Amino acid sequence: MTEKTPQVGILMGSDSDYAVMAETAKILKQFEVPFEMIVSSAHRTPERTAEYVSQARGRGLKVLIAGAGAAAHLAGVVAAETTLPVIAVPIDATSLQGLDALLAMVQMPAGIPVATMAIGAAGARNAGIFAVQMLATTDVVLADKLVLFKEEMAAGVIKKSARLQEKLRADGLL
Ligand code: RP5
């Protein structure tokens with residue numbers, strides 16, 4: 001296996017999910033984790049989905065991420081076909097604003113877990129981070145990058161708080 005062998009496979013139910021699932025891809029790129037991304041639907045292309053997932057472990061993939069909206073069965077169908085860990089991202093694609101997808105993904109019956117993230121872009125970002133955290137259990141370089149990532153986030157909060165003090169003073173409230 002080369003260094004570029006994808007470690008994470010991202011499935012989307014439709015290309016209309018791309019804007020949200022690009023957030024997952026951005027995180028994986030930031031952490032330099034090789035990934036691949038395909039469109040495959042639980043309902044519209046059930047055989048394609050089953051074939052991709054059943055070959056995933058043999059191809060070297062370690063984590064699968066499924067993003068879908070509406071009656072989102074994709075993550076559950078993916079989890080049914082593999083022993084790899086599956087992360088689900090519910091997408092706001094209907095008049096129910098993602099609640100339909102969230103409930104379909106999170107309410108899995110006992111025995112077929114999927115790790116369901118928040119609806120939308122935050123969930124997609126967290127899916128990427130969570131995948132990196134799983135890979136980091138056996139990869140010290142990734143683990144170090146995660147420490148740095150958290151430190152940078154914390155530094156960002158401190159900066160925001162400092163800017164808030166300036167604003168309070170500028171507004172004459174302090
Ligand atoms: C789901 O239906 C997809 O994941 C997407 O979120 C939603 C709408 O799909 P399109 O009609 O835009 O292809 O299966």
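Predicted model: local features only at pLDDT ≥ 70, side-chain atom pairs only at ≥ 80, totals over all residues.
Residues are numbered from 1 along each chain as its sequence is written, and side-chain values use heavy atoms, with hydrogens and water left out.

(Ala, Val, Leu, Ile, Met, Phe, Trp, Tyr, Cys and Pro count as nonpolar, Asp, Glu, Lys and Arg as charged, and the others, Gly among them, as polar.)

Next, click on Ser14. One of its polar side-chain atoms is 2.6 Å from a ligand oxygen. Move to Ser16, and a polar side-chain atom there also lies 2.6 Å from an oxygen atom of the ligand. At Asp17, the distance from a polar side-chain atom to a ligand oxygen is 2.6 Å. How much of the ligand's accessible area does the protein cover? It covers 71% of the 360 Å² that the ligand has on its own, by the Shrake-Rupley method with a 1.4 Å probe.

Switch to the protein surface. Which residues lie nearest the centre of the second largest pocket? They are Gly13, Ser14, Arg44, Gly69 and Ala70, out of 17 lining residues. By class, that lining has seven nonpolar, eight polar and two charged residues.

Finally, zoom out to the cartoon view. You'll find six helices and five strands, counted as DSSP runs (H or I, at least four residues, for helices; E, at least two, for strands). Trace the chain along its sequence and the pattern reads β-α-β-α-β-α-β-α-β-α-α.

Note on methods. Polar contact = N/O pair within 3.5 Å; in protein donor to acceptor, adjacent residues only side chain to side chain. 1 Å grid on protein atoms, 1.4 Å probe; cavity = no way out; pocket = protein on both sides within 12 Å on 5 of 7 lines; lining within 4 Å.
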